[in-house]
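These are my notebook entries on a structure that I had not examined before. I record what I looked up, entry by entry.

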Amino acid sequence: MVKRWQEYGVQEWTDRCVLRPGEIINTIWLIYIVLAQTFGAYETCKCMSSTHEYGTDRGYMDFTQWAVTNSDWVKGYWTGGTVLASGVMSIGMVYIVAEWCLQSHLSTEDYDDAWKGLRRTRRFRRFTHPYRWVI
């Protein structure tokens, strides 16, 4: 049964009005930072300058060495490392989300909600059985 906004307790208000929007904002910001670093959005004069004093904008600009390397293999190393790290992280996240989906119905006190969650879990397991069998 769906509750109305007036029937929410403090915990539900905090969850829906503070925590969930905060997590959405954090996720969007993380995606932005990763994409900005990947595609070079931070390759500006301010980001490439070196400062000598804390709290001041005094420093020098070094335009000769920021994108130069002595090895031709650096791009391959970075690509391989990024693919490996992203792949392992993605596999871990898929596993964590799948386990949460399979076990989240266990933490409710309402018998009907637990039963509905168990039915969803069984449906999910039937749907994903061929994929899990291959893995």
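**Entry 1: order of elements.** I read along the sequence and noted the pattern α-α-β-β-α-α. I counted four helices and two strands in the protein. Here helices (H or I, at least four residues) and strands (E, at least two) are DSSP runs, numbered from the N terminus.

**Entry 2: basis of the notes.** I am working from a predicted model, in which local features need pLDDT of at least 70 and side-chain atom pairs count only at pLDDT 80 or more, while totals for chains, interfaces and linings use all residues. Residues are numbered from 1 along each chain as its sequence is written, and side-chain values use heavy atoms, with hydrogens and water left out.

**Entry 3: the whole protein.** I looked up burial and found that buried residues make up 6% of the 135 residues. Buried means under 20% relative accessible area, exposed over 50%, and partly exposed in between (1.4 Å probe, protein chains only). The protein exposes about 12,700 Å², of which carbon and sulfur atoms supply 63%; these areas come from the Shrake-Rupley method with a 1.4 Å probe. I then turned to contacts (heavy atoms within 4.5 Å). Of those with a separation of 6 or more, 0% join residues 24 or more positions apart.

**Entry 4: helix 1.** I located Trp 13 in helix 1, which covers residues 10-38. Trp 13 counts as partly exposed because its relative accessibility is 38%. Leaving aside neighbours within four places in sequence, I found Trp 13 in contact with Trp 5, Tyr 8 and Val 18.

**Entry 5: charged pairs.** Which side chains meet in a salt bridge? I found Asp 15 and Arg 20, at 3.2 Å from N to O. The rule asks for a side-chain nitrogen of Lys or Arg within 4 Å of a carboxyl oxygen of Asp or Glu, and by it the count comes to one salt bridge. Asp 15 is partly exposed at 26% relative accessible area, and Arg 20 is partly exposed at 45%.

**Entry 6: a surface patch.** I noted a nonpolar surface patch formed by Met 89, Met 93, Tyr 95, Ile 96 and Val 97, with about 540 Å² of accessible area together. Such patches take residues with over 30% relative accessible area and no salt bridge, nonpolar side chains being joined within 5 Å. Tyr 95 lies in helix 3, residues 74-103, and counts as exposed because its relative accessibility is 54%.

Definitions and conventions
Patch = residues over 30% accessible without salt bridge, like charges linked within 9 Å, V, L, I, M, F, W, Y side chains within 5 Å.
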